[in-house]
Amino acid sequence: MTTPPPTAPRLEVDGLEVAFGGLTALGGVSFEVRDGETVALIGPNGAGKTTVFNAVCGIVKPRKGNVRIGGRPAPARTTGLLAAGVARTLQGLGLFERMTVLENVLVPLSSLRAEDAAARARDRLAELGLLDLADRSAGTLPYPERKRVALARALAADPRLLLLDEPAGGLGAADIEALAETVRRVAGEGCAVLLVEHHVDFVMDVADRIVVLDFGEVIAAGSPEEVRRDPAVEAAYLGLEAVNAAAEPPQSGGAGHPPARGGAPRPSTADISVATEAHAHRSEPQGPAGEGGTA
Ligand SMILES: Nc1ncnc2c1ncn2[C@@H]1O[C@H](COP(=O)(O)OP(=O)(O)OP(=O)(O)O)[C@@H](O)[C@H]1O
Ligand SMILES: [Mg+2]
């Protein structure tokens, strides 16, 4: 195997197409994330954000396109992700609820000697203020702590590429600020971070660049400021809501707003921070049913 050039992006997504039956979920998505960079992937419900993660992780097979990690083809299966330096948190929690916090964080460390794994896991727990909870069952913790356990588990294997799917979902302001500090620290240590998030204030705060998806297509990409001013983003993601909010009295459930692909409601207000709140409630604490481990 040839050695990749030292300047290769940590993640390259090139012309990615994914279809589910007759539904084209991704229609040729391209972007990259470099070491030490934080890139946010944003877009309305059903835009294809999680599908990008699933394609990067080998959970869904692209119809077309390439994913390269550190200059090499991404592993075809999730079992190769750890060795490729990739860790992920899920849109829900994905914790093993009956296992302790420490046991959850040990999951990606099974290849290490037991004492090394325990030391590493405890370090990660300490970094996220969870050490006192190490022996508690994950399922008994409040939601923000469970969310932090999922992050600690993703960080346990010292990833070079960290994929975070809605890490701020369901969190309050103080927890979001702590999360932002963690993301900055991890990126500052050289990890490439790709995060999907509806919480726009958080995205604007931590992202170096933003990629905007709508109906499986990249409609804008650039710095937070560039994206904020992009008319295509306003039209697809904010503008319609601004028009709707001006025309209608406040209402719940997003009725009357443009449906996302797959029928999920889009955020329903001009105020994106409020729209974010609405989304956060949709992604509220989930039970163990239907949740798997980290990819
Ligand atoms: N396994 C699947 N089988 C069939 N359709 C799917 C599957 N996964 C995703 N989809 C569809 O693909 C489209 C993109 O879904 P995806 O979950 O990637 O959106 P998203 O941008 O992450 O949305 P959200 O913000 O609501 O999480 C949606 O129409 C969804 O219904
Ligand atoms: Mg999603």
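Asp 230 is partly exposed, with 19 other C-beta atoms within 10 Å. (Buried means 20 or more other C-beta atoms within 10 Å of a residue's own, exposed 12 or fewer, partly exposed in between; C-beta atoms are placed from the backbone.) This is a predicted model: local features need pLDDT of at least 70, side-chain atom pairs count only at pLDDT 80 or more, and totals for chains, interfaces and linings use all residues. Residues are numbered from 1 along each chain as its sequence is written, while chains are lettered from A and ligands numbered from 1 in the order in which they are written.

**Around Asp 230**
- Asp 230 sits in the loop between α7 (224–229) and α8 (231–247). Helices (H or I, at least four residues) and strands (E, at least two) are DSSP runs, numbered from the N terminus.
- Ile 219 is 11 residues from Asp 230 in sequence and 9.4 Å away in space, C-alpha to C-alpha.

**Helix α5**
- Buried residues of α5 are Ile 176, Leu 179, Thr 182, Val 183, Val 186 and Ala 187.
- Seen down the axis of α5, these buried residues fall within an arc of 125° (taken from the directions from the helix axis to the C-beta atoms), so they line one face of the helix.
- On the other side of α5, the exposed residues are Ala 173, Ala 174, Glu 181, Arg 185 and Gly 188.
- Gly 190 follows α5 and has a positive phi, near 105°.

**Confidence**
- Mean pLDDT (the predictor's confidence in each residue, from 0 to 100) is 83 for the chain, and 78% of its residues reach 70 or more.
- Where pLDDT is low, the predicted coordinates should not be read in detail.
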